[in-house]
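Colleague: I would like to walk through this model with you. Shall we take it one question at a time?

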Amino acid sequence: MSKRIHVVINPAAGQPEPILHILNSVFRQEGVRWDVSITHEFGDAARQARQAADKGVDIVVAYGGDGTVMEVANGLAGSKVALGVLPGGTGNVLSIELEIPQTLEEAARLLVSPDAQIRKVDVGQSGERSFLLRAYVGFDAERIQLTTREMRDRYGKMAYLIAALKAIPESKAMHYHLTLDDEVVECEGFTCIVQNAGNMGVRGLSLVPDGSISDGLLDVIVIQGLDPLSLASALGSIADTPLDPDRFRHWQAREITIATDPPQAVIGDGEAWGETPITLKVLPGAVRVIGPGKT
């Protein structure tokens, strides 16, 4: 029996390409039955994914950026329907993390390849909100809030660096009170990152090179300086050397509570989540994602 695929398309995604023509070319060759839905506002992707799963499709595919993928994953929560990813946004961090091809045609072929495998990946959660990549507090939350869609459309990934340069002058160190499972930590820092996926949007580049999206743990990083030496330590980490413990703190935990003085904005996978305090936890293996088979 042929596979049944539903594709959720975010038309505002950053890649101008003939989506339907490419998908039709690939899926027709494999005898796949497929249809699509189009998102117009936040919440559409989750609802459309849930409706497709209820109708009995085999795969629900997200075409768009990481926000679209997260919405579709939320819509599939509690079902056994696999999630497919077609990278069509600016960062496409999750697809890079899972080694999914970065061109639409190759990613579509992966969905119907006999060599593809279903990988169980973790999901971070805070109340009813979820994240596949990371949550930010402090400087990084401000940086993301300053990165507008217009900037992403114009500058691509460079938009995040431009926003960071704008955010630095207004950034101040704050006091963090962290509860990491059963451990309580007090420290100073400019920003806190809770990572589920480790890569920074480029294959092989990560602040925590040994982190995994399938290890049942969240990585917690507090950056204690925004000076050149802290940046050098971050670059060293990306090159697979340890973070400088005088400028970065790193832990792993299954449940994290973050409180700050003063309260700080929280961003989860690009969405504003209010302010600290906030509690996050990991749901191990909560989403089934189609990825390449390991050779």
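Modeller: Gladly. Keep in mind that this is a predicted model. Let us start with one asparagine.

Colleague: In which loop is Asn92 placed?

Modeller: Look at the elements on either side. Strand 4 covers 82-87, and helix 4 covers 93-97. Asn92 sits in the loop between strand 4 and helix 4.

Colleague: Is Asn92 buried or exposed?

Modeller: Its relative accessibility is 9%. The cut-off for buried is under 20%. Asn92 therefore counts as buried.

Colleague: Which residue has its backbone nitrogen 2.8 Å from a polar atom of the Asn92 side chain?

Modeller: Two glycines deserve a look here. The backbone nitrogen of Gly88 is 3.3 Å from a polar atom of the Asn92 side chain. For the 2.8 Å distance, the residue is Gly89.

Colleague: Leaving aside neighbours within four places in sequence, which residues is Asn92 in contact with?

Modeller: Sequence neighbours within four places are set aside here. The contacts of Asn92 are then Gly64, Gly65, Asp66, Pro87 and Gln102.

Colleague: Is the crossing of helix 2 and helix 3 left-handed or right-handed?

Modeller: Follow helix 2 as it passes helix 3. The crossing is right-handed.

Colleague: How many nonpolar residues are in the contact of helix 2 with helix 3?

Modeller: Helix 2 brings Asp44, Ala45, Ala46, Ala49, Arg50 and Ala53. Helix 3 brings Thr68, Glu71, Val72, Gly75 and Leu76. By class, the contact has 3 charged residues, 2 polar and, for the nonpolar class, 6.

Colleague: Why does Asp44 count as buried?

Modeller: Asp44 lies in helix 2. Buried means under 20% relative accessible area. Asp44 is buried because its relative accessible area is 8%.

Colleague: Which side chain makes a polar contact with the side chain of Asp44?

Modeller: The Asp44 side chain also reaches a backbone nitrogen, that of Glu41, at 3.0 Å. The side-chain partner is at 3.2 Å, and its name is Arg47.

Colleague: Last one. Is Ala77 buried or exposed?

Modeller: Ala77 lies in the loop between helix 3 and strand 4. Its relative accessible area is 56%. The cut-off for exposed is over 50%, so Ala77 is exposed.

Key. Residues numbered from 1 in each chain as written. Predicted model: local features only at pLDDT ≥ 70, side-chain atom pairs only at ≥ 80, totals over all residues. Heavy atoms only, no water. Helix = DSSP H or I, 4+ residues; strand = E, 2+ residues; numbered from the N terminus. Buried < 20%, exposed > 50% of the residue type's maximum accessible area, 1.4 Å probe, protein only. Polar contact = N/O pair within 3.5 Å; in protein donor to acceptor, adjacent residues only side chain to side chain. Contact = heavy atoms within 4.5 Å. Left-handed = near helix turned anticlockwise from the far one by under 90°. Nonpolar A, V, L, I, M, F, W, Y, C, P; charged D, E, K, R; others polar.
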